Each structure stands twice: as C-alpha cells, then as structure tokens.
Amino acid sequence: MAKVFGPAEAIKSVVRDPKSNKPCPSTKKGSRSKQPVNILCKVYDAQRTGKGVNCISMIPKEILNDCDRRIGIEVSEDIATTVHDLANVVENVFSKNSRSQSQRNTEIRKGIHVLKDIVDLLNVEGFQDALGCFKENKVVNAEMFDLFGGVQIVVDILLRMQSNPVSKRAKEADWRHVCLDTLHHMCLTLHIEIAIPLSKQDDLIFYLFSLMAEKTCFLRAATLLEDVLGVRKTMFKLEKIPNLHKLVESFDEEQMANFCRVLSIAMSDLDPGDDGNTLQEQDQAIRRKTGVPVSETNQGILIELPHFIKKIVRIAVKEIGGSVAPTLPEVFSELEGWVTWLDSSLAFDPLMDVDSETEGAMMDPFMDFQSLALPQSIKTMHELVYKVEVLYVLCLLLSGKQRNRVHGEVSTHKLMPGLNRLFDRVIWRCNLRPYPHARHSENCECSPEVALKIQFLRLIHTYCDHHHNKYLIMTRSEIHEITKLSCSIGVPVADEVKNINKSLLCTGKKGLLTKVIEAMKRASTESNFRFWLGRAVESFLRGKTSVVDQTFILRKKLLEHLVRHMIDNDIKSKEILQSSFDLLAELMKFNHKAFERFERCTSDDGLTRFMSMVNNNLVDSNMFIRCLLLTLEKIEREDVQYLEFALTKSRLLMHIHDRKTRVGFLQRLINIIHVEILTQENVSCLNTTIILLMFAHRSGELATYLGMLREEEQNNCRPGFILHNFRQLLFFWQEHYLHKDKDCSALEKSSNISFSVWKEMVSSLTSNDTTSPNTLAYYLKKDNLLDDDLTIDME
C-alpha cells in the first residue's frame, strides 16, 4: 500500500524525484540556460533575489499533479491542480491585457465550474455520518484547498469584482454566489482555521455587507458574515459600514429577519463577564475597559435607524405558517430529518434542501419564496428559526443602556398584544415533533420550536424586569381587576396602572401573565420550560414589592401549585429548583395572606420535606430564607397585628424566628461561598448573611451571633475558618457594590432596606476596631488572625 502523505509532506517530497533523488525537471520554454527548473530552484531564487514563487500558478503543474498523487486519499480529486487552474482563471479574467468580453465570460464559466467542484467536495451533507462525526477525507480536501491558497484566491475574486466588475451579465453574479458558497463551506469544515483569518479582513466584511443589498446575494453574504463575525476577537463596529441606514431600509421583512442573525453577534458583548466567570473576574474586566463598549454603540446606531424597531416588532408578532398554523403538528411531521437539516446550518437558507427541479430558484431565493414547491415544514421551520433571532435582538435592546426608549417604542408598536395573540396559536402548543430525535432530548434547545418558546419567555422576562410597562402584558379586564384589588386591600392604585394606555394592552380574556401561569401549571416536573416560565412570572413581581400584584397571582393558585410540585416530586434540576424557590420568595415576601395559604396546603410531613429541600439546597433556597427574614422583621416592626399569627400559627415564620436556626443558616451560608467562587448566582447568599446580621444588630444581638460563630470555630478546632472568610467576603462586597459603575437600586428595592443601611452594616462589621464585639476584627484579634493590610480604597 502506498504511503499516505500529509499535505505539507507531499509538497516537500515532490521537489525531488523519488527514484533518482534528483530535482524533478520542468523545462522552462524560452530559457537561455537549458537547466531544469523546479520549485526548489524557485525557492532558492526567491531567497537570493527576493523574487520568486508568490502564487500557485507559478508552480509547475507537474509538481502539483505529483503532489495530488502522493496525498494518497482517493477523494482528494486533484485539489492542488484545481487550485492552480482557478488561479489561472483569475489571472486571465482580471489581466490588464486587453481581452474580449466573450473570452472573459468563458473564463468566468470555467471558474464557476471549478468552484462548484470544490463545493461538492466540501458539501456539508457529505462530511457528516449518522453520528455526526467528521469523515477525514473531506477535512483533508478542505485543508488541501486552504494549503494551496484556494481560500485567498476566492477572497481575491470577490474583492476584485467589487472594484473591477468584469461583466454586466448574470455570470458575474453566479460567480459571486459560488465564491460565497465556497467560503461558507470552508468555514463549516475547518471553522477556526478559516473563519478567524477571514474575520480580520475588514475589506471583505464591508463587501459582504454591500452584497446584502442584492437580493440574489443576500442569504449567502449574511451566512458568511455570521461565520466570520462570530469568531472575531473584537466586536465589529457598525458605524464603519457605509450607508447602513439605506441598506437596512432596503430590506423586506424576510431579509430583516435573517439580518437579525448578524445583528445578534454585533450587539452581544464579547468581553469577559459571562455567567461562567466569577464576579471578581467580571469586576476586573469591567474596570479595565475604557470608553463606551462597542456593543452599546452598535445598539445605539440600530435604535437610531428609521423604522428599525417597528420592523422587527412586526416580524416578531407575525403569524407562523400563515393559514396552516392550526395544523402545525402535522406540518412538522412532514420532515422527520429536520434536526439533521438544522445541524448542517441549512436552516439559514432552507432552499438549499430542495430537489433539483427548484435548483434554478436558489439563485434568487427571495423572488418568490412562497411559490416554490417546498414542503410546508421547510417554510415553517425557516420562519421559526429567524423569529428566534428577532426575539433575541429585542431582548438585547430591552436590556441595553437605552432601555427606556426601546420600551416606549416596542410598546407603542404593540409588541405585547401581538405576542399574546401568538401564544395560543403557535408559541405554547404541545411540542410540534411527535417524538424527539435519537440524538436529542425532548427539551433540547436546538429544536427550533423549543428555542422559540425559551426566547419568547426570555423576552417577557426582560420586558417586565423592573419596568413600569410590565402591566401591558395584561388585558383591560385584568387591569380592572388590579384596580379593584387595590381598593379592597386598601392601598392606592399604582400610577403605572392608573395612567396606563389601554389601547396598548393585550386583547382577549387572558393576558400573557395569566397564560404563562397556566402553562407553568401544566408543565411536566422536569421540563426545561418550568425554569423560564418561573423566571417570567418572577420578573413581573420583581422590584418594590406590591401586595396587589402578589394577590392577583395568588388568586390563580400558583403558590399551591409550586408547593405541591416541590413536595411531591424529586426535582433533580438545580435550575428548576432555584427558580421555584425564587418565585415563592417574590410571591410570599411581606404578604401574610401568602403564608396563610402555605399553611393550608402543607401538612406536617409536607413541611418536613419542604424544609429538607431548603436545608439541602442553600444556594438555591437562600432567597426564600431571606423572604422569611424580611417578612418576620416587617411584621415585628410595622404589622404587629399579624404578630400572633407569625409566632403561633405560621410554622415557617416560627422556624426562622429561632436564634439557633438563624445562626445555623448564617454559618452554613458563609461556609459555602468564598471570594474566589462568587458568581452572579451565589452572591445572593452573601447578601442574605448581611441581612441576618443586620436584623441581629437591630435587636441588640449582633455580638451574640458573632460570638456563636467563633464558638463554632473553637469547637471544630479551626479558628477563623468562618469569621476570616466572612471578613474577606465583606471586603469584596464593598469593592463590588460600592464601585461607581454599580447600580444597587435592585438590592435596595427587593429588601425594602435603604442602601445606606447596607453600607453602614458592612462598614461596621469590617471595621478595624478590635475593642468592639460588633466587629469581626474583635474576634479575629483574639486568635491572631487579623489581616491589618485588608483595606478597601474606593477612590
């Protein structure tokens, strides 16, 4: 069997004849010296004169033929010589020597034929087997094509056509199409090796944006932009794109929807600060930044584009599947292999999955999309995929610096009423697939309909979170109910309810909030949707606690459902468990009626199981523990008429009232967190410990609590393992929350405690005064564990 060479080894081996071990001859016509010329000689000439081989067309074709032969893989299809032919085509088409247009068209046709052969070798369907594994031969083809400069030749073709159009006929457009397809498939095959170098070529990126103005090139240019922008180390600045406003204005709805895939990359912050990083790393990254983040600038540019928000809102609320929406489950059963189709990135251009009869229409996918003889499943899947991207872009805009402006615009364009109409018909139907794909679970987020549901709930969460427009997810009758509840409870009607623009409310009997609650009550125990459904309802309750909002939801018996769901099921998902505890906390905080409901729906055994879940999952349940503390403190200080209920009838409040229970929670919460592992998810544990000691200080028991913590250290023969760690955590708290770029209003509103009180408590605990038993230094000094150099300079 012949030895299989890698591409680099093959090139090195062919500079000499394998039999005679002498340079391979290649006589140069017209040369005065009759000496043989080969690539090795050319390399020596380049070293000596500085002029040598600078493109593949200068390499003798005999060398390339032998190189192809020595690769040893049958399907390599003479890649080296193919690239050589392509380079010659480029030279002939763009040569400065006068050539007739017919000759150029002939060369263009030849170039198209060559690139189509390459695309066939790189076809995404061809290099994945049933298990999704790459076949080595196709990867070698891609590596060979890149090694011999094929990628740069294709880029050169595109850029040369931009500055020097070679033909006004359709063949030039066809050549662009196949060039874009080639680069896209190369990015799919080798990804990082190809996409990263391409992402550094701004001239190529600018040209791709300009090509999006042409309908026949739009999808291909947008797909390639997504490939290259997604791997850039620095975010691309939209302000660099010439005439961006004219480009976006020219897009129809379908183009705009697909353009959102590109925008989602240009608007997402690429800098460190993801959920996977610790808070310490995030803070350091934020403070290293200078100037306005590019993502923020890009969002501002898009917001200023005329009618941009109006267009994407219209797309977001548009019906999916049109008149076939009621039969969507049957529609999806047409395409059993849609997961494979989606995995191969063809979701961005579903027309690439049609049969040969519609191949001609692929060159102009937007001319008559609906009239093409495609399965309805393909068309509907396409709509699902791009709607997910549109909802994501809206989420990004609603969470950006200009949130209030975006809120006003999307509300004016009736985003929430439109989504409410979609909820029953499309968004929250049963799963549209009759059964999950073999490689995917029923909750797999790569499923378009599942991804759409999750992004839909994320949008509701973002829209409602700490914003007065949250009441627009209700109907007129529900707003009337809120008003009546305010009167019956004896609290003033909130200004945002009183002054609401009723023309912007959801229509029908039920608004989005009610529908989300009902969907949550129907969801299965371990459904991924339970997390997002809970987050959506919780966001409505966030901010300053409203007993009216709580009562509106309590009347829908959501509390009873949550408690039964938690007690009766062994919940394995930490995310679902945390979202359930967090929602319960928002629903019950400061609300004695909610605690009465809890008592009525919980037996002694049920309470035991519930508290076992609380104690065994402190990170997930700490917000609920905080809810108990805050509620009992408010009753003791303000609502004394409910004190008897709290201390004699509410088993939850009686439990948290016990000092030993509180110190136990305090000790365990401190021990499960350290500065090095603090994240956005577990920093709430630190805030709960501060509240515990804040209330101990109010009752004059702070020294007692700290003394009990030190006693626990002594009993375990580990001096300082609680208090020293706690002091370090509090120093971090000061650095994190007292920095000028930090908005602490959410912490203040959720606890109903002035942030100045928070600062005073932390400052007192971290004081270096070793004479006061209300400071941590007092106890650490006794064990010679005081770090005198631990100070925080907020300047």
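Reader: Which residues form one aromatic cluster?
Author: F581, F598, F610 and F624 form it. This is a predicted model, where local features need pLDDT of at least 70, side-chain atom pairs count only at pLDDT 80 or more, and totals for chains, interfaces and linings use all residues. Residues are numbered from 1 along each chain as its sequence is written, and side-chain values use heavy atoms, with hydrogens and water left out.

Reader: How is a pair of aromatic rings described?
Author: By the distance of the centres and the angle of the planes. Rings of Phe, Tyr and Trp (its six-membered ring) pair if their centres lie within 6.5 Å; planes under 30 degrees apart count as stacked, over 60 as edge-to-face and the rest as tilted.

Reader: How many aromatic pairs does the structure hold?
Author: It holds 16. Take F423 and F456: their ring centres are 5.8 Å apart and their planes are at 55°, so this pair is tilted. F423 is in helix α21 (residues 415-427) and F456 in helix α22 (residues 448-464), 33 residues apart, so the pair links distant parts of the chain. Helices are DSSP runs (H or I, at least four residues), numbered from the N terminus.

Reader: Are F423 and F456 buried or exposed?
Author: Both are buried, meaning under 20% relative accessible area, whereas exposed is over 50% and partly exposed lies in between (1.4 Å probe, protein chains only).

Reader: Where does the charged end of R718 sit?
Author: Over the ring of F721, 4.2 Å from its centre. The rule: NZ of Lys or CZ of Arg is within 6 Å of the ring centre and within 35 degrees of the ring normal. K556 likewise lies over the face of F552, at 4.6 Å from the ring centre.

Terms used: Helices (H or I, at least four residues) and strands (E, at least two) are DSSP runs, numbered from the N terminus.
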